[in-house]
Amino acid sequence: MPSLKDLKTRIESVKSTRKITKAMQMVAAAKLRRAQESAEMARPYTERFNHVMGKLAASVGDNESAPKLLRGTGEDNVHLLVVMTAERGLCGGFNSNIARLARQEAEKLLAAGKTVKVITVGKKGRDAIKRDLADKFIDHVDLTAVRNIGYSDAQSIAQNLLDRFDAGEFDVAKIFYSKFQNVVTQIPTMQQVIPADVEAEDGAEDDGAFYDFEPDEDAILRELLPRGVATAIFSGLLENGASEQGARMSAMDNATRNAGEMIDKLTIQFNRSRQAVITNELIEIISGAEAL
Amino acid sequence: MADTLQFDLVSPERLLASVEATEVQIPGAEGDMTAMPDHAPLITTLRPGILKVMSAGGDAEYVVTGGFAEINAGSISVLAEQAVPRDEITQEMFKSMIDAATDRLAKTQDAYENEPGPVDEAAKLLADMVAMGDEIGLSAN
């Protein structure tokens with residue numbers, strides 16, 4: 001049975017924990033709004049981009065001369081997994097869900113006899129990956145210093161990927177991130193970025209319009225495809241940002257609630273033991289008085 | 001025939017403009033072009049330059065550094081790599097664009113010593129950038 005003093009300190013400590021989690025929840029809520037806004041603002045670009053890509057892909061078809069970024073290297077041996085997670089923890093299952101999806105994919109690929117390489121973005125993912133796939137880990141991108149994710153951050157990651165692709169380091173690249181659905185649901189997602197995973201769109205929706213291209217399809221594709229990688233990474237990063245804050249918000253909300261429940265429980269225990277002490281003292285006094 | 005077309009200017013970070021325009025001047029990679037309603041479907045890449053939008057609510061000008069445009073009979077979507085309203089561009093912003101282009105030229109020169117193609121492209125990008133600066137009255141240095 002803990003003493004009254006012990007109970008009191010515990011209640012105090014849980015109370016201050018609750019204050020911290022409450023504050024974190026509110027900070028996350030504020031940040032979530034911003035992150036969500038920027039994710040939404042980036043959406044039109046991504047949508048239109050994919051639309052144009054679809055048109056181009058339809059027009060180029062399975063042409064032999066199509067750039068490697070679209071067609072692939074023709075092989076499927078080395079897979080590069082880009083695992084994008086948060087820089088910070090305390091956001092529920094957010095980081096571990098992404099890491100788990102990546103791990104499952106890695107295991108599947110390894111079982112199929114493929115070679116797997118991993119690049120991580122975000123400290124938490126690196127920690128998780130280093131534990132399980134240490135020998136597959138090749139690079140890490142640090143975004144700790146970045147406060148607001150900008151397109152240039154995505155571009156530099158994309159450039160890193162493209163350089164490796166040009167050097168023939170891998171055949172297929174996939175990115176892992178968490179898609180933001182709402183505050184309580186974030187879906188860990190895998191997306192293939194190299195070779196570009198475009199759905200060829202036929203022109204039906206635009207009255208079968210055929211596009212002219214200036215300069216020509218190949219030149220446009222050469223410009224577009226690297227940009228497509230950056231765009232996919234950028235939207236992944238933004239979704240991740242919103243998901244992280246959402247996950248943190250609900251995790252901290254839970255923590256705050258748990259702390260509240262614990263305080264209630266401890267307070268009851270505290271009151272009971274105080275009452276027990278008082279009763280004990282009374283009994284002593286009364287029995288002392290009776291003995292006289 | 002409709003006398004306006006839906007014009008959207010988007011950069012990766014946000015939607016900059018979405019208006020009903022009567023006429024849009026686009027700095028295409030192979031030359032400037034003006035798109036009016038009922039234009040033939042076209043996809044073109046952009047060079048650094050100035051994008052002009054004429055609409056009933058007045059004209060607007062944007063500085064774009066590249067990207068591409070999709071033109072349809074009734075709509076134009078410009079997907080710019082970087083786009084800034086012309087009034088908001090400052091000497092510092094312009095300088096950083098120039099620096100990025102200069103950097104890129106230096107890097108491609110290193111990377112493709114014996115291939116003129118990519119080097120020429122990077123040099124053209126820088127030259128376009130400087131020309132654009134002249135047009136809006138900002139110096140490249």
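Predicted model: local features only at pLDDT ≥ 70, side-chain atom pairs only at ≥ 80, totals over all residues.
Biologist: Fine, so what pattern does chain B follow along the sequence?

Modeller: Chain B reads β-β-β-β-β-β-β-β-β-α-α along its sequence, with nine strands and two helices in total. Its radius of gyration is 16 Å, close to the 14 Å that the globule rule gives for 141 residues, so chain B is as compact as a globular protein of that length.

Biologist: What box do its C-alpha atoms fill, and how much of chain B is buried?

Modeller: Along the principal axes, the C-alpha atoms of chain B fill a box of roughly 50 × 30 × 25 Å, and 36% of the 141 residues count as buried. Of the contacts in chain B between residues at least 6 apart in sequence, 51% join residues at least 24 apart.

Biologist: Switching to chain A, what is its radius of gyration?

Modeller: Chain A has 28 Å, whereas a compact globule of 292 residues would have a radius of gyration near 19 Å. The C-alpha atoms of chain A fill a box of roughly 110 × 45 × 30 Å along the principal axes, and 35% of its 292 residues count as buried.

Biologist: And which elements does chain A have, in what pattern?

Modeller: There are six helices and six strands in chain A, and along the sequence they follow α-α-β-α-β-α-β-α-β-β-β-α. Of the contacts in chain A between residues at least 6 apart in sequence, 80% join residues at least 24 apart.

Biologist: In what order do the strands of its open sheet stand?

Modeller: The open sheet of chain A has five strands in the order 3-2-1-4-5, with mixed pairing. Strand 3 (137-141) and strand 5 (186-194) of chain A stand at the edges with a single partner strand each, so one side of each is left without a neighbour in the sheet. From one strand to the next, the twist averages 20°.

Biologist: Do strand 1 and strand 4 of chain A run parallel or antiparallel, and how many bridges join them?

Modeller: Strand 1 (residues 78-84) and strand 4 (residues 172-180) of chain A run parallel and are joined by five bridges, and A:Val83 stands opposite A:Phe176 in strand 4 of chain A.

Biologist: Which strands does helix 5 of chain A lie across?

Modeller: Helix 5 (residues 151-166) of chain A lies across strands 1, 2, 3, 4 and 5 of chain A, running at about 45° to strand 5. Helix 4 (residues 123-132) of chain A lies across strand 1, strand 2 (115-121) and strand 3 of chain A, at about 150° to strand 2.

Biologist: Now the contact between the chains: how many residues does each one give?

Modeller: Chain B gives 20 residues and chain A gives 23. On the chain B side, the elements that give two or more residues are strand 2 (15-28), strand 4 (42-46), strand 7 (67-71) and strand 8 (75-80), and the largest share, four residues, comes from strand 4 of chain B. That side of chain B divides into 10 nonpolar, six polar and four charged residues.

Biologist: Which strand of chain A pairs with strand 4 of chain B, and in what sense?

Modeller: Strand 6 (residues 212-214) of chain A pairs with strand 4 of chain B in the parallel sense, over three bridges, and A:Asp212 stands opposite B:Leu42 in that strand of chain B.

Conventions
Residues numbered from 1 in each chain as written. Chains lettered and ligands numbered in written order. Rg over C-alpha atoms; globule rule 2.2 N^0.38 Å. Buried ≥ 20, exposed ≤ 12 C-beta atoms within 10 Å, placed from the backbone. Contact = placed C-beta atoms within 7 Å. Nonpolar A, V, L, I, M, F, W, Y, C, P; charged D, E, K, R; others polar. Pairing = 2+ DSSP bridges. Axes fitted to C-alpha atoms, helices over the stretch in contact; angles between N-to-C directions.
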